[in-house]
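Biologist: I'm new to this one and could use a guided tour. Could you walk me through how to read it?

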Amino acid sequence: MEELRIGVIGAGAIGCEHIKRITNKLSGGKIVAVTDISGEYAQKAAAISGARVEKSGEALIKASDVDAVIVTSWGPAHAESVLQAIAAGKPVFCEKPLATTAQDCRKIVDAEMALGKHLVQVGFMRRYDKGYNQVKEILESGEAGAPLMVHCAHRNAQVDDGYSTSMAVTDTVIHEIDCLHWLVGDQYVSAQVLFPKNSKYAHKELQDPQIMLLTTESGIRIDVEAFVNCQFGYDIECEVCCEGAIVRMPEPSFPLIRKDAKRSVAIETDWKRRFADAYDTEIQDWINSTKKGQVNGPSAWDGYLAAVTADALVKSQTTGAVEPIETGSCPNFYQK
Ligand code: NAI
Ligand code: ISE
C-alpha cells in the first residue's frame with residue numbers, strides 16, 4: 001500500500017491537530033475524508049488537507065477509498081464509530097476515552113475478539129513520550145531496584161465552567177491511569193480519591209484540586225495530584241521511588257534567564273505543545289503499523305482497563321472509600 005487513505009470523524013481541536021500533522025509533517029498517510037456534526041468545522045478541517053466532506057461517520061467508514069479511520073469526536077460518540085469501523089473490518093485510531101462507560105469498552109473488546117483481528121488503537125499518547133520512555137527504560141534495566149511509590153501531578157492552568165469533578169478522572173487523569181501501570185509493569189487493584197481544601201479558582205460545582213490514589217497488585221502506591229486551575233501553566237510531573245534510587249521524568253527544556261535580579265525558567269502552558277513529539281510519534285507509528293496490518297500501540301483492552309479504573313476513582317469521589325478495581329484477566333488475544 002503506497003499511502004494509507006484516512007477518514008477523520010470529529011474535526012475539533014485534536015482532530016485538526018492530527019489532520020495537520022498527517023498532512024504537513026508525517027509520512028505514509030493522506031486524509032481523504034472528514035466529517036463533523038458541524039458542517040462548518042468539517043469544511044475547515046477538510047480544507048487543511050484537500051479532503052472531501054462526508055455526510056456522516058457511518059458514510060465515511062463505509063467509503064471505499066477510506067482504508068483507516070481516526071475518531072476524534074466527543075467521548076460519548078466514540079463507541080458507535082469504533083464499533084462501525086470494526087464491523088467494516090477497518091483499522092481505527094480512537095482518541096481517549098475509547099468509550100465513556102466500561103460496558104461500551106467491553107463491547108468493543110468483544111467485537112474485536114469476535115472478528116479475530118486487531119483493528120483498534122487508543123490515543124494514549126504518553127506511552128510515546130520520550131520522558132516516560134526514559135523512565136521506563138531505567139526501571140526495566142533494574143538499576144534503580146523495584147518501584148515502591150510513584151508521585152505524579154497533572155496540572156492545567158484553568159478549565160471552563162463545563163468541567164465537572166468527575167472529569168478530573170475521565171478527561172484528565174485518564175492519561176496517568178493508562179501510562180502508569182504500563183510504566184511500572186503492574187496492574188491496579190484499588191483506587192481512592194481525597195479532596196484537599198478547595199481552590200478559590202474552582203467554579204462552584206468543582207472540587208479542585210484532588211488527590212487520586214492507586215495501589216497495584218504488588219503493592220506499589222501511586223498518588224496523582226489533579227489540579228486543573230493551578231493558574232501557572234500546564235505541568236506534568238512523574239517521580240518513581242524505587243528500592244535503590246529515585247527516577248524523575250525530565251521536565252520540558254527551556255532556557256534559564258537571568259533578569260531583574262532573578263533566575264527564571266519558563267513552564268509549558270499548552271498540552272498540544274507539551275506532547276507534540278509524542279503525538280507525532282504515536283500517529284506515525286499508527287500509520288506504519290496499520291499499513292502492515294498490525295496494532296502496536298495501546299489496544300482496546302487498554303481502553304477497557306482505563307475505563308474500569310476510572311469508574312472506581314469516580315465512585316470513590318462519592319463514597320470516599322477505597323474502591324476495588326476488578327478487570328478480570330487479560331484475554332489471550334490481547335497478551336503481548
Ligand atoms: P472538540 O470539542 O474540540 O472537538 C470534538 C468535535 O467532534 C467537535 O467539532 C464536534 O462537533 C464533533 N463531534 C461530536 N460528536 C460527533 C459525531 N457524532 N460525529 C462527528 N463529529 C462529532 O474536542 P477535542 O478537544 O478535540 O477532543 C476530542 C476527543 O479527543 C475527546 O475525546 C478528548 O478527550 C480527546 N482529546 C485527547 C487529547 C490527548 O491528549 N490525547 C487531548 C485533547 C482531546
Ligand atoms: C485534555 O482533554 C487532554 O487530553 C490533555 O492531554 C489533558 O492534559 C487535559 O487535562 C485534558 O483536558
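Modeller: Happy to, and let's begin with a ligand. By class, the residues around ligand 2 are two nonpolar, four polar and two charged. Keep in mind that this is a predicted model.

Biologist: Which residues surround ligand 2?

Modeller: The shell is made of Lys-96, His-154, Asn-156, Asp-171, Thr-172, His-175, Tyr-234 and Trp-271. Helix α7 supplies the largest share, three residues.

Biologist: And which side chains have an N or O atom close to an oxygen atom of ligand 2?

Modeller: For a polar contact, look for a pair of N or O atoms within 3.5 Å. Here, the side chain of Asp-171 has such an atom 2.6 Å from an oxygen atom of ligand 2. For His-175 the distance is 2.8 Å, and for Thr-172 it is 3.1 Å. As for burial, ligand 2 on its own exposes 300 Å², and the protein buries 84% of that.

Biologist: Now the other one. How many residues surround ligand 1?

Modeller: There are 24, and the closest are Ile-14, Asp-36, Trp-74, Lys-96 and Tyr-279. Sorted by class, the shell holds twelve nonpolar, eight polar and four charged residues. Lys-96 is a name to remember, as it turns up around ligand 1 and around ligand 2.

Biologist: What polar contacts does ligand 1 make?

Modeller: Among them is one from Tyr-279, where a polar side-chain atom lies 2.6 Å from an oxygen atom of the ligand. Glu-95 brings a side-chain N or O atom that sits 2.9 Å from a nitrogen atom of ligand 1. Alone, ligand 1 exposes 850 Å², of which the protein buries 81%.

Biologist: Which elements give two or more residues to that shell?

Modeller: Those are α1, α4 (75-87) and α7 (167-184). The most comes from α4, with three residues.

Biologist: Let's move on to sheets. How do strands of a sheet pair?

Modeller: They pair through backbone hydrogen bonds, either parallel or antiparallel.

Biologist: Is the pairing between β7 and β11 parallel or antiparallel?

Modeller: Antiparallel: eight bridges join β7 (residues 147-155) to β11 (residues 235-242), and Ala-153 has Glu-237 as its bridge partner in β11. With β10 (residues 221-227), β7 pairs in the parallel sense over seven bridges. There, Arg-155 is partnered by Phe-227 in β10.

Biologist: One last feature. Which strands form a hairpin with two residues between them?

Modeller: That's β13 and β14, and Asp-260 in the turn has a positive phi of about 50 degrees. The two strands, β13 (residues 256-259) and β14 (residues 262-265), run antiparallel and are joined by four bridges. To find the pairing by eye, look for Arg-258, which stands opposite Arg-263 in β14.

Technical notes:
Residues are numbered from 1 along each chain as its sequence is written. Chains are lettered from A and ligands numbered from 1 in the order in which they are written. This is a predicted model: local features need pLDDT of at least 70, side-chain atom pairs count only at pLDDT 80 or more; totals for chains, interfaces and linings use all residues. Side-chain values use heavy atoms; hydrogens and water are left out. A residue is near a molecule or strand if one of its heavy atoms lies within 4 Å of it. A polar contact is a pair of N or O atoms within 3.5 Å; within protein, one must be able to donate a hydrogen and the other to accept it, and residues adjacent in sequence count only if both atoms are side-chain atoms. Accessible areas come from the Shrake-Rupley method with a 1.4 Å probe; for residues, only the protein chains shown count as cover. Ala, Val, Leu, Ile, Met, Phe, Trp, Tyr, Cys and Pro count as nonpolar, Asp, Glu, Lys and Arg as charged, and the others, Gly among them, as polar. Two strands pair if DSSP finds at least two bridges between them.
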